[in-house]
Amino acid sequence: MMRPTGKVTAMILGAVLLCMAAFWITRRIADVAPDSSEPDLGLLWLKAEYGLDETTFGRVRDIHAAYFRECEHRCHELDALDDRLLKDVILSSGMSAHLESELAREDALCHGCRQAMLQHIYEVASVMPLDSGRRFIADVTPLLLPAAHVKRKN
Amino acid sequence: MKPHDPLDDLLATWDPETPEEPAFHREVWHRIAAAPDELSWAEKFLNWWMRPRRLIGTALACICLGSALGFFDALQQRGRARDAYLSAINPLDSRHLHHTAP
């Protein structure tokens, strides 16, 4: 026969286990990526949030891959330009036409990156069902545009 | 038939009288009244808890609490996933290209 303290401990343990089971089941149901590794998390959020089917999700993945290839190319270009610009800035004793043109080229590249991002958002939205696509644009652009970013931080 | 035994007559007349202590009843009631104090905290707790309504209530409370925590945690994870996506596609974010890259 179990002692009363043992019985109380067993019952409290049972209650904790029940609580943990409820936690695990709910987490599993509501989680966007229960079996996913971290790198896929963002894309899986997109899939869960906008209810994308496998075909649409596959197309989104392809668009993503293309966007990242383009980004990588731009980043290398920007890195090279940054290195040159830093050297020139250090060697110069004041603003020059050359420095101004280098800065303008860097600005143009950054501007191109933002344009590519917006283009990517429109492309992703275009493969989604119409309503989801519109909602996607409305959801993400306020969080991505630079002015909104600064506003959010303040 | 069983033969008559004189012992039967003798036993029939025997009426044992146990002398009752004067305070017997009072002491019994006193002990009953005092009984809960002699229980351990665990026994008292079990007596309180082991009622169908309380057990069902406890189970429901555990399920609700676990579900609420699970839901809250999943919501937070959803927020983290959204941020991971936004960081990955945002060229101005330091984590750009480090997340969600296929």
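Which residue forms a salt bridge with A:Glu54, and how far apart are the closest N and O atoms? The partner is A:Lys47, and the closest N and O atoms are 2.4 Å apart. Here a salt bridge is a side-chain nitrogen of Lys or Arg within 4 Å of a carboxyl oxygen of Asp or Glu. A:Glu54 itself counts as exposed, at 55% relative accessibility; exposed means over 50% relative accessible area, buried under 20%, and partly exposed in between (1.4 Å probe, protein chains only).

## Ground rules

This is a predicted model, in which local features need pLDDT of at least 70 and side-chain atom pairs count only at pLDDT 80 or more, while totals for chains, interfaces and linings use all residues. Residues are numbered from 1 along each chain as its sequence is written, chains are lettered from A and ligands numbered from 1 in the order in which they are written, and side-chain values use heavy atoms, with hydrogens and water left out.

## The two chains

Let's start with the overall layout. Chain A has six helices and zero strands, and chain B has four helices and zero strands. Both kinds of element are DSSP runs numbered from the N terminus: helices are H or I with at least four residues, strands are E with at least two.

Of the 154 residues in chain A, 34% are buried; for the 102 residues of chain B, the buried share is 21%. Chain A has an accessible surface of about 9,600 Å², with 60% belonging to carbon and sulfur atoms. For chain B the surface is about 8,100 Å², and carbon and sulfur atoms account for 63%. These areas come from the Shrake-Rupley method with a 1.4 Å probe; for residues, only the protein chains shown count as cover.

## Nonpolar cores

A nonpolar core is a set of buried Ala, Val, Leu, Ile, Met, Phe, Trp, Tyr and Cys residues joined through side-chain atoms within 4.5 Å. The largest one has 30 residues, and A:Leu46, A:Val124, A:Phe136 and B:Tyr85 have the most contacts inside it. Two or more residues each come from helices H2 (41-49), H3 (54-91), H4 (97-127) and H5 (130-144) of chain A, and from helix H4 (52-89) of chain B. A second, separate core of five residues includes A:Val8, A:Met11, B:Ala42 and B:Trp49.

Take A:Leu46 as a way in: leaving out residues up to four places away in sequence, A:Leu46 touches A:Gly51, A:Leu52, A:Val60, A:Val124, A:Met128, A:Phe136 and B:Tyr85. Contact here means heavy atoms within 4.5 Å.

## Salt bridges

Over all chains, the count comes to nine salt bridges. A:Glu70 and A:Arg74 meet at 3.0 Å, N to O, and both lie in helix H3 of chain A, four residues apart, about one turn of the helix. An α-helix has 3.6 residues a turn, so residues three or four places apart point the same way.

A:Arg84 and A:Glu102 form another salt bridge, at 4.0 Å, N to O. A:Arg84 is in helix H3 of chain A and A:Glu102 in helix H4 of chain A, so the pair ties together parts that are 18 residues apart in sequence. A:Arg84 is partly exposed at 39% relative accessible area, whereas A:Glu102 is buried at 5%.

## Where the chains meet

A network of salt bridges links A:Glu49, A:Arg135, A:Asp139 and B:Arg78. B:Arg78 sits in helix H4 of chain B and is partly exposed, with a relative accessible area of 23%. Apart from neighbours within four places in sequence, B:Arg78 is in contact with A:Ala30, A:Val32, A:Trp45, A:Ala48 and A:Glu49.

B:Asn90 belongs to the segment after H4 of chain B and is buried, with 5% relative accessible area. Not counting residues up to four places away in sequence, B:Asn90 touches A:Met117, A:Leu144 and B:His96.

## On the surface

A:Phe23, A:Trp24, A:Ile25, A:Ile29, B:Leu65 and B:Leu69 form a nonpolar patch with about 640 Å² of accessible area together. Patches are made of residues with over 30% relative accessible area and no salt bridge, where like charges are joined within 9 Å and nonpolar side chains (Val, Leu, Ile, Met, Phe, Trp, Tyr) within 5 Å. Helix H1 of chain A gives the largest share, four residues. One of the patch members, A:Ile29, is exposed at 69% relative accessible area.

Helix H1 of chain B (residues 6-13) lies largely in the open, because zero of its eight residues are buried.
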